Amino acid sequence: MPLIGAHVDQDDPLAHARARNAEVVQFFLGDPKGWKAPVIGEKTREIKNSDVEVYVHAPYVINVATANNRVRIPSRKLLGAHLAAAAELGARGLIVHGGHVGAGDDPQKGFDNWRKVFERLEEHEVPVLIENTAGGGNAMARKLERVARLWDALDGFDVGFCLDTCHAHAGGEDLADVVERVMAITGRIDLIHCNDSRDAFDSGADRHASLGAGQIDPELILGVCRSANAPIVVETPFDGQAEDIAFLRTKL
């Protein structure tokens, strides 16, 4: 049975883990839509010496793929700062979205910019886990053919992958065999974001739903979780997370 847990608020992640009977938690270290440096609160730090495993999610604003220097350079610095903060908490990974290039830009520029990030990153204890995303025609990690090009660009670096079921569904990737196809590209799946989707297949909409309350067949979600053999984090609405975790433990 894989570790199962939830994305929780950063104010007191250990208390939130206990309330949900979670073995693993994920949280932000600041405003996910802001550019401020990560902050580790006193209550947040308490989780380090607990029996709960930790993942940190980088802010959504980070986009290291873009050709826009005013976004890419601050993104790279913020990514490095979050890696250092995640290491302070003994995190097992830092999740970051794949980002995107601008309309009309050659996607290869985005893949090349990702490689430059790893070439310039200082040595870090916490692995970077790139997450597939739901929307955007210029995204680096919506479609698996783009993920394959990204992994080619990052050849030689130790980079992990986070597979989000809602994002894959909304991004137009069939969940029935997505684990096998991802593994053929990356050789690893480090974390599952286990989410139902409020929207239709290939809608491009990143809107999560509680398990069984969205448009994904629960058996497809369970199949991904069984096949991936990786820790599982639900990013579903807070009020239903305990039930989602209990459902997974019953069915897996």
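This is a predicted model: local features need pLDDT of at least 70, side-chain atom pairs count only at pLDDT 80 or more; totals for chains, interfaces and linings use all residues.

Q: What volume does the largest pocket have?
A: About 500 Å³. A pocket is an open set of points on a 1 Å grid over the protein atoms alone, where a 1.4 Å probe fits, with protein on both sides within 12 Å along at least five of seven lines. The volume is the space filled by probe spheres set on the points, which are joined across faces, edges and corners.

Q: Which residues lie nearest its centre?
A: Tyr 60, His 97, Thr 133, His 167 and Asp 206, out of 23 lining residues. Lining means having an atom within 4 Å of a point.

Q: How does that lining split by class?
A: Six nonpolar, 12 polar and five charged residues. Ala, Val, Leu, Ile, Met, Phe, Trp, Tyr, Cys and Pro count as nonpolar, Asp, Glu, Lys and Arg as charged, and the others, Gly among them, as polar.

Q: And how much space lies in the second largest pocket?
A: About 210 Å³. Its lining has four nonpolar, two polar and six charged residues. Among them are Arg 76, Lys 77, Arg 120 and Glu 122.

Q: Which helix gives the most to that lining?
A: Helix α3 (residues 69-88), with six residues. Helices are DSSP runs (H or I, at least four residues), numbered from the N terminus.

Q: Switching to packing. At what angle do α5 and α7 pack?
A: About 20 degrees, with axes 9 Å apart, for α5 (residues 144-153) and α7 (residues 178-186). Axes are lines fitted to C-alpha atoms over the stretch in contact, and angles run from 0 to 180 degrees between N-to-C directions. So α5 is roughly parallel to α7 (angles under 35 degrees count as such).

Q: Which residues make the contact?
A: Leu 144, Val 147, Ala 148 and Trp 151 of α5 touch Val 178, Arg 181, Val 182, Ile 185 and Thr 186 of α7. Contact means heavy atoms within 4.5 Å.

Q: How do α4 and α5 cross?
A: At roughly 40 degrees, with the axes of α4 (residues 107-120) and α5 coming within 8 Å.

Notes
Residues are numbered from 1 along each chain as its sequence is written. Side-chain values use heavy atoms; hydrogens and water are left out. Helices (H or I, at least four residues) and strands (E, at least two) are DSSP runs, numbered from the N terminus. Angles under 35 degrees count as roughly parallel, over 145 as roughly antiparallel, 65 to 115 as roughly perpendicular and the rest as oblique.
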